[in-house]
Number of protein chains: 2
Amino acid sequence: MKGTVGELGEFGLIRELTSRLTTTPAVRLGPGDDAAVVAAPDRRVVASTDILLEGRHFRRDWSTAYDVGRKAAAQNMADIAAMGAVPTALLLGLVVPAELPATWPAELMDGLRDECQVAGAAVVGGDVVRGETITVSITALGDLRNAEPVLRSGARPGDVVAVTGWLGWSAAGHAVLSRGFRSPRAFVEAHRRPEPPYHAGPAAAALGATAMTDVSDGLIADLGHIAEASGVRIDVRSGAVDIPSQMSDIGQAVGVDPLHWVLSGGEDHAIAAVFPPETKLPARWRVIGEVLGRSALPQVTVDGAPWEKAGWDHFGEDADAG
Amino acid sequence: MKGTVGELGEFGLIRELTSRLTTTPAVRLGPGDDAAVVAAPDRRVVASTDILLEGRHFRRDWSTAYDVGRKAAAQNMADIAAMGAVPTALLLGLVVPAELPATWPAELMDGLRDECQVAGAAVVGGDVVRGETITVSITALGDLRNAEPVLRSGARPGDVVAVTGWLGWSAAGHAVLSRGFRSPRAFVEAHRRPEPPYHAGPAAAALGATAMTDVSDGLIADLGHIAEASGVRIDVRSGAVDIPSQMSDIGQAVGVDPLHWVLSGGEDHAIAAVFPPETKLPARWRVIGEVLGRSALPQVTVDGAPWEKAGWDHFGEDADAG
């Protein structure tokens, strides 16, 4: 494929993008008509939308178009999994500059497609328009398979807090890239292409999770959403979280306590869930804290005390491209 | 509400926007969790995404935020209706500059909400991020109520082509605004705030429509999509389309044949459908043409001959803000 998006034209680009897609049995009607039709066997559909902007959520010199596609799909489908649902379909709204090489949106679509395949879903439709800033707007759909959705509001004092997936890897990779390095590769890769544990969402619902969320803004911040919605306090035990030795090495090299990445770093899209204390959790879940009653302390504490930095406001001036 | 989007902050803005919403019985879980949950009684969900950019699809000096919201919701839900489905829910992806007054997204949300209410749907979730260009990405969901989706591909030679809703009004309003005028008000209003005949989509499905689309790119262009998907030619009878006398007056004033607006103007989101010839159509449908077999002529002809300008490529250099 040669040339720019502008040379290919709207319909040429749409043809190119849709030609790259695969399908699943849930896709009753894919791209090309006024709308797509997707199976919703549960008689309810779970839906979530996220927007990624170039320069704010990704950088073309740090991530390939393919990786941006993987990441955009992953962060949306992690939201579906965090409700206890199985991702089924994805719609893409894409803004591209006319002078952008047409390979960029094509490879983005490859990334969306491949991440969808990991989760058992498919891209079913979208819209492409010309504009100044590359903008990737994703809507993911999912099916609950007769489970009740696991909300943020069900945590009760006495419940345990557990996580599965990766924590702090993306933030450590971001720190590496920010300093102009390209390795250790595992962390850089984790930043470019998160691997949410999609299966863990429906599994947690089946285990009786009382509350659940994916970790997109950072563990403390996202547990704060559960604590606020549930009217409880959550205490995290710092000794219970996993800090791989390689992450400690990076922390030492760049002068950052790696606990900061694990507790405040977002974008790994781990799943954090709250369970009744008697729940027998499979080995991939790690209990990292417990649910307490309200107190004068912040909604989330670490080892019983306030934590330094509780979040990531995407409108804050300090939020740079990640 | 005072101040800018940046002063309000991400979470403040999301609180403000969600506080303005209403709900429907189909909304099982609205905004505030990782994802929304919407009833899909048909066991299938219809889904469509569109993006609107400031300067390209709307202008802040021509349209209020409220009108942009009405229009963005309308164009998406028209896509749902054009499948024969009933709109149920809408998700919003929004990019806003930090210096934008916070009233703008708030009034946009009011417009989305009110248009949803017209169609029986509700806004159930979304995402807001800071960026340079106001970008409104909408995903609409709908339910087929046990009807089969009406595709673009089912038109057969001998079928009749009919339309319902408004045709050319938005284009005439655009012509008026482009020349610096603000009246006639009915056409300017039609440009700012289209009124798709949502009910007509499911009604056409029930009447046995063999193909259907909404008119977003212009009648000739959108019938072209049906003709291409169905492998047929469609002939439109120019004498059968409705040109109100006031539209003729505007045409005379600005030196444009109003037939051009009716046949090539988009964004009114009328519904165009193809029916078996024996179908008894309700009075609101107007038969404007017929389906013929393939020939050497273009896929859509007017009075048996090629039509001057068959479309609107959103990537074309001549496509200005509308």
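Which residues does Thr22(B) touch, not counting residues up to four places away in sequence?

**Entry 1: Thr22(B).** I looked up its neighbours and found Arg113(B), Gln117(B) and Ala122(B); contact here means heavy atoms within 4.5 Å. Thr22(B) sits in the loop between helix H1 (5–19) and strand E1 (27–29) of chain B. Helices (H or I, at least four residues) and strands (E, at least two) are DSSP runs, numbered from the N terminus. Arg113(B) is 91 residues away from Thr22(B) in sequence, yet their C-alpha atoms are 7.0 Å apart. Buried means under 20%, exposed over 50% and partly exposed in between, with a 1.4 Å probe and protein chains only.

**Entry 2: ground rules.** This is a predicted model, in which local features need pLDDT of at least 70, side-chain atom pairs count only at pLDDT 80 or more, and totals for chains, interfaces and linings use all residues. Residues are numbered from 1 along each chain as its sequence is written, chains are lettered from A and ligands numbered from 1 in the order in which they are written, and side-chain values use heavy atoms, leaving out hydrogens and water.

**Entry 3: confidence.** I read a mean pLDDT of 93 for chain A, with 96% of its residues at 70 or more; pLDDT is the predictor's confidence in each residue, from 0 to 100. Over residues 310–322 of chain A, pLDDT stays under 50.

**Entry 4: the two copies.** I laid chain B on chain A: a turn of 180° and a shift of 0.0 Å along the axis give an RMSD of 0.0 Å. The copies are thus related as by a two-fold rotation axis. Superposition was by least squares on the C-alpha atoms of residues with pLDDT of at least 70 in both. In chain B, Arg43(B) comes closest to the axis, at 2.4 Å (C-alpha). Since 100% of the interface residues of chain B are also interface residues in chain A, the copies meet through the same surface.

**Entry 5: helix H4.** Is H4(A) (residues 169–178) enclosed or open? Nine of its ten residues are buried, so the helix is largely enclosed by the rest of the structure. Among the buried ones I noted Trp169(A), His174(A) and Leu177(A). The cover includes helix H5 (185–192), helix H8 (245–254) and helix H9 (258–264) of chain A. After H4(A) comes Gly180(A), with a positive phi near 85°.
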